[in-house]
Amino acid sequence: MAAKRESVARSGVEMDRPPAPLGSITGQGAEAGPLELDRLIHERVRLGIVSALAVNGTMPFTDLRGLLGTTDGNLSAHARRLEDAGYVLCHKSFEGRTPHTDFELTPRGRKALRAYLDHMEAIIRATRDSEAGA
Amino acid sequence: MTLPSPRLRAPNGPPVALHDRAMDNLRYIRETMERSQSFTAVPGLGGVLMGLIALCASLVAVRAPSTVAWVAVWMGAAIVSFAVAVVAMSRKARSAGGKLLAGAGWKFTWNLTPPLLVGALLTLALTRAGATQLLPGAWLLLYGTGVVTGGAFSVRVVPLMGLAFMLSGAAALFVPPGWENAIMAAGFGGLHIVFGIVIWRRHGG
């Protein structure tokens with residue numbers, strides 16, 4: 001577990017505090033409430049977008065699509081939801097006549113990913129604690 | 001290309017325990033982060049082929065009857081290598097679901113092109129001035145500069161490869177006459193092959 005935490009931290013997300021106990025976990029996202037997952041980034045494609053942007057800061061649409069193995073429409077729809085929540089910024093431009101789209105992770109998005117990681121780790125820790133106590 | 005697993009191992013199987021789901025999510029995040037770091041538009045296999053072309057060119061160039069013929073051999077090798085690079089980059093971009101001149105591939109090409117154009121101009125000028133002994137150094141330095149600047153947006157091995165080209169170019173400026181083909185073979189041949197294999201094995205092909 002420790003190795004996993006270090007690996008994720010090296011990849012661009014600071015993990016500078018221990019996971020909170022399961023009972024005290026609260027979501028940080030726009031759609032999350034107490035004891036709820038941040039469902040906005042719980043979905044796999046959106047979780048992939050936020051994770052990749054946590055490492056690179058900014059990524060082109062085409063690179064994200066190749067990385068996540070998804071379609072144009074699917075990536076656009078999920079990115080739009082993240083954009084609406086203020087987790088990512090979408091920069092559109094033209095290179096000649098070709099439209100070019102870059103996505104950038106916002107501080108709010110980074111905070112949401114960090115909270116999500118804490119939440120996942122708290123679940124694992126709580127399960128192991130309960131198994132050890134049984 | 002191994003994509004991060006898009007869903008849990010047994011979506012239609014028995015219920016998945018909460019902590020198993022959490023571990024799977026953490027694994028997915030880690031895999032996605034690692035993959036987003038490790039991908040580069042620079043084609044490793046294409047680099048190996050370019051290296052082999054350079055080695056063949058050095059064998060031909062050493063028998064060139066004149067200086068102009070020597071320059072022509074290396075120019076021919078450069079053109080063939082350029083074609084190989086375009087095809088290899090295009091194939092790699094397609095395999096990642098993108099286009100050749102988009103995203104990381106576009107940035108790399110955009111940064112590599114100006115030094116290559118300067119190299120072509122210097123080739124003409126130095127050949128006319130009869131200073132062809134300076135060409136290997138100029139070619140390696142300019143190519144390395146382009147790879148370093150283009151690789152600034154890529155994985156670490158790419159700018160390192162550019163730096164290695166620049167160092168070999170600096171050495172080429174000071175080697176004794178007669179070593180031109182050896183330094184060209186070591187630089188454009190050896191470095192392309194070594195770094196090409198590393199990129200091929202570790203960074204998406």
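The model is a predicted one.

We can begin with the sheet of chain A, which is open and has three strands in the order 1-3-2, paired in antiparallel fashion. Strand 1 (58-60) and strand 2 (88-95) of chain A form the edges, each pairing on one side only. From one strand to the next, the twist averages 25°. Strand 1 of chain A is held to strand 3 (residues 98-105) of chain A by three bridges, and the two run antiparallel. A:Met59 has A:Phe103 in strand 3 of chain A as its bridge partner. Eight bridges link strand 2 of chain A to strand 3 of chain A, again in an antiparallel arrangement.

Helix 4 of chain A touches strand 1 and strand 3 of chain A, and its direction makes about 85° with that of strand 1. Helix 5 (residues 72-84) of chain A instead touches strand 2 and strand 3 of chain A, with its direction at about 125° to that of strand 2. Helix 4 of chain A spans residues 61-68 and is mostly covered, with eight of its eight residues buried. The buried residues of helix 4 of chain A include A:Asp63 and A:Arg65 as well as A:Phe61, A:Leu64, A:Leu67 and A:Leu68. Just beyond the end of helix 4 of chain A, A:Gly69 takes a positive phi of about 60°.

Helix 5 of chain A also meets helix 3 (residues 44-56) of chain A: their axes come within 9 Å and cross at roughly 70°. The two helices are therefore roughly perpendicular to each other. On the helix 3 side of chain A, the contact involves A:Val45, A:Arg46, A:Ile49 and A:Val50. Their counterparts in helix 5 of chain A are A:Asn74, A:Leu75, A:His78, A:Ala79, A:Arg81 and A:Leu82. By residue class, this contact between helix 3 and helix 5 of chain A comprises six nonpolar, two polar and two charged residues.

Turning to chain B, the secondary structure consists of seven helices and zero strands, giving the pattern α-α-α-α-α-α-α along the sequence. Of the 205 residues of chain B, 41% count as buried. Among contacts in chain B between residues at least 6 apart in sequence, 73% join residues at least 24 apart.

The largest nonpolar core has 36 residues, of which B:Ala54, B:Ala57, B:Trp74, B:Ala77 and B:Val147 touch the most other members. At least two residues of this core come from each of helix 2 (44-61), helix 3 (67-95), helix 4 (103-128), helix 5 (135-151), helix 6 (157-172) and helix 7 (180-202) of chain B. Helix 5 of chain B gives the most, with eight residues. Leaving aside residues up to four places away in sequence, B:Ala54 touches B:Ala77, B:Met184, B:Ala185, B:Phe188, B:Gly189 and B:His192.

Note on methods:
Residues numbered from 1 in each chain as written. Chains lettered and ligands numbered in written order. Predicted model: local features only at pLDDT ≥ 70, side-chain atom pairs only at ≥ 80, totals over all residues. Core = buried A, V, L, I, M, F, W, Y, C linked by C-beta atoms within 7 Å. Buried ≥ 20, exposed ≤ 12 C-beta atoms within 10 Å, placed from the backbone. Helix = DSSP H or I, 4+ residues; strand = E, 2+ residues; numbered from the N terminus. Contact = placed C-beta atoms within 7 Å. Pairing = 2+ DSSP bridges. Axes fitted to C-alpha atoms, helices over the stretch in contact; angles between N-to-C directions. Parallel < 35°, antiparallel > 145°, perpendicular 65-115°, else oblique. Nonpolar A, V, L, I, M, F, W, Y, C, P; charged D, E, K, R; others polar.
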